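I opened the coordinates and kept a notebook of what I looked up. The entries follow in the order in which I made them.

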Amino acid sequence: MKINRGVFIVILIVALCAGLGSAGDIVHQDNVAPHRPGCNNNFVLVKVPTWLNGLEDDEYVGVGARFGPTLESKEKHANHTRLALADPPDCCSKPRNQLTGDVILVHRGNCSFTEKANVAEEAGASAILIINNQTELFKMVCEANADVDIKIPAVMLPQDAGSNLEKYINNNTMVSVALYSPKRPAVDIAEVFLWLMAVGTILCASYWSAWTAREVAIEQDKLLKDASEEFLQRGDAGSTGFVDINTMSAVLFVVFASCFLVMLYKLMSSWFVDVLLVLFCIGGVEGLQTCLVALLSCFRWFQRFAESFIKVPFFGAVSHLTLAVCPFCMAFAVVWAIYYRRVSFAWIGQDILGIALIITVLQIVRVPNLKVGTVLLGCAFLYDIFWVFVSKWWFHESVMIVVARGEKSGQDGIPMLLKIPRMFDPWGGYSVIGFGDIILPGLLVAFSLRYDWLARKNLRAGYFVWAMTAYGLGLLVTYIALNMMDGHGQPALLYIVPFTLGTFITLGKKRGDLKTLWTRGEPGRPCPHVRLQPVQQKE
């Protein structure tokens, strides 16, 4: 199996995007904004469905204020209330129009948010909607000496939503609204499928990697047994098409990943996401055709085509089966890229390309021993924590979360993620996991199965089942933490690395294999052409 180095570099660039588990924040906890009794609400997103002359119309999303009562969480408990314009529009003085339980729509500016809310409450309004002066939402906080004994909810709307509602009212349309802030379900089925997807991807890649390693070992044993000169003429290990990373490359990998992440953060825009889309498609085509060729080669109908080759400029010897499969893979990637932002089910194609790419990377890149695996996962552990949590001190926002969601690109985020739509979440969105959260621990899990097979260990006596279980538990804890944090993005490696690496090292030390795992990475094998003569006993 030969690998084009250019394609391999593209695959590594795509794999550098180690993402995180995320569901999207609906609760924005803020320890910077002032809070005190009566002014300690979380900044929650609020749904504002509208009705025009009794007919249901658009639904807008606003953000609740730090002050005021909490909103209903279910739409059926939210009252449909008539919406009225404030007069004066800023609601900094008593409105001239009569408000009898209406929701009042006001403009931002000229006085504080709490003043507007107090004036609206005194005028008889049941709630206040404040139109922001820009398209983004703004957190409404309390001033130092403000009266925060406010009994009506306050919600800020983006400028475009407020302008639409204001236009309808000025055209003598009767507008009514409801205000509620639904909560996310404790567990969404999307997270279950995403967990199965991640675990299944590592499972398939590990067995493929172990099977290939065993075939190579058997072939080498045969060559040595026959004292063949062919073995000496095969060159170094790199000619087998596999890349064994060392300690230095493990450290540099995380350094390059950090540089790449900062570049994504600084250059995040629509055109840059398009560049990443092209890179992802190239890597996805390579991954998909590699997986399909390997799969089809298992059937005897395709073996003849897989074993016959033709020379192609730049690519070298390519099998006829690869030539037949490659156009399909390219067409699949191109169609997906065209409809990436146009259809709601484009995530299916993204996951297919992503899974194929991950399996291919785990087949190509290998951890030679536990020492390298420890350095790689240890650096990745610090990398994830730094760019999710610590980066807020320098950049005033989580770099990893901003990049994963594509918040600065105006699009749906980078494509280097596996994602599934949240099916029973009233807020919608996707549950996602980054490629790095599968590839990096997957390298160690694949190493464990290769060691088990070469050491002829069964599942119970080996390390693979323990490593695979530890990864699954670590990812499960990630989703538990994600739900406990109200959807705030979580660095998956923060939980996965201690589970996976800690289990492997502890078990290896207990069984007495730690030295071999740490240094050699594979069990010692006797030279097959050497036959030890039994020691004859003295008479």
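In which helix does valine 497 lie? I looked it up and found valine 497 in helix H15. I noted at the start that the model is predicted.

**Entry: valine 497**

I checked the accessibility of valine 497 next. Its relative accessible area is 6%, and since buried means under 20%, valine 497 counts as buried. I then listed its contacts, leaving out residues up to four places away in sequence, and got Leu377, Phe381 and Gly502. I also took a C-alpha to C-alpha distance, from valine 497 to glycine 474, which came to 7.6 Å. Those two residues are 23 apart in sequence.

**Entry: H13 and H15**

I stayed with H15 and asked how its axis lies against that of H13. H13 covers residues 436-454 and H15 covers residues 493-511. Their axes come within 11 Å of each other and cross at roughly 5°. Angles under 35 degrees count as roughly parallel, so H13 is roughly parallel to H15.

I wrote down the residues that meet. On the H13 side they are Gly436, Asp437, Leu440, Pro441, Leu444, Val445, Phe447 and Ser448. On the H15 side they are Leu493, Ile496, Thr500, Leu501 and Phe504. I sorted the residues of this contact by class and got nine nonpolar, three polar and one charged.

I moved to strand E14, residues 430-434. Is E14 enclosed by the rest of the structure or open? Four of its five residues are buried, so I recorded E14 as largely enclosed by the rest of the structure.

I looked for its pairing with E13, residues 417-421. E13 and E14 run antiparallel, and I found five bridges joining them. One bridge I noted by residue: leucine 418 is partnered by isoleucine 433 in E14.

**Entry: salt bridges**

Aspartate 149 pairs with lysine 151, with the closest N and O atoms 2.3 Å apart. I checked lysine 151 for accessibility and found it exposed, at a relative accessible area of 54%.

Aspartate 425 pairs with arginine 422, with the closest N and O atoms 2.7 Å apart. I found both aspartate 425 and arginine 422 buried.

Lysine 457 pairs with aspartate 513 at 3.7 Å, N to O. Which parts of the chain does this pair tie together? I placed lysine 457 in the loop between H13 and helix H14 (464-484), and aspartate 513 in the loop between H15 and helix H16 (514-519). The pair therefore ties together parts that are 56 residues apart in sequence. By accessibility, lysine 457 is partly exposed at 25%, whereas aspartate 513 is buried at 16%.

I went through the backbone angles. The peptide bond from aspartate 87 to proline 88 is cis, with omega near 15°. Proline 88 sits in the loop between strand E4 (81-85) and strand E5 (103-107).

Cysteine 91 is also in the loop between E4 and E5. I read its phi as near 55°, a positive value in a residue other than glycine. Is cysteine 91 buried or exposed? It counts as buried, at 0% relative accessibility.

Asparagine 110 is another residue that is not a glycine but has a positive phi, here about 75°. I located asparagine 110 in the loop between E5 and helix H2 (113-122). At 72% relative accessibility, asparagine 110 counts as exposed.

**Entry: whole chain**

The protein chain has 16 helices and 14 strands. Of its 539 residues, 49% are buried. I then took the contacts between residues at least 6 apart in sequence, and 74% of them join residues at least 24 apart.

Terms used: Residues numbered from 1 in each chain as written. Predicted model: local features only at pLDDT ≥ 70, side-chain atom pairs only at ≥ 80, totals over all residues. Heavy atoms only, no water. Axes fitted to C-alpha atoms, helices over the stretch in contact; angles between N-to-C directions. Helix = DSSP H or I, 4+ residues; strand = E, 2+ residues; numbered from the N terminus. Parallel < 35°, antiparallel > 145°, perpendicular 65-115°, else oblique. Contact = heavy atoms within 4.5 Å. Nonpolar A, V, L, I, M, F, W, Y, C, P; charged D, E, K, R; others polar. Buried < 20%, exposed > 50% of the residue type's maximum accessible area, 1.4 Å probe, protein only. Pairing = 2+ DSSP bridges. Salt bridge = Lys/Arg side-chain N within 4 Å of Asp/Glu carboxyl O.
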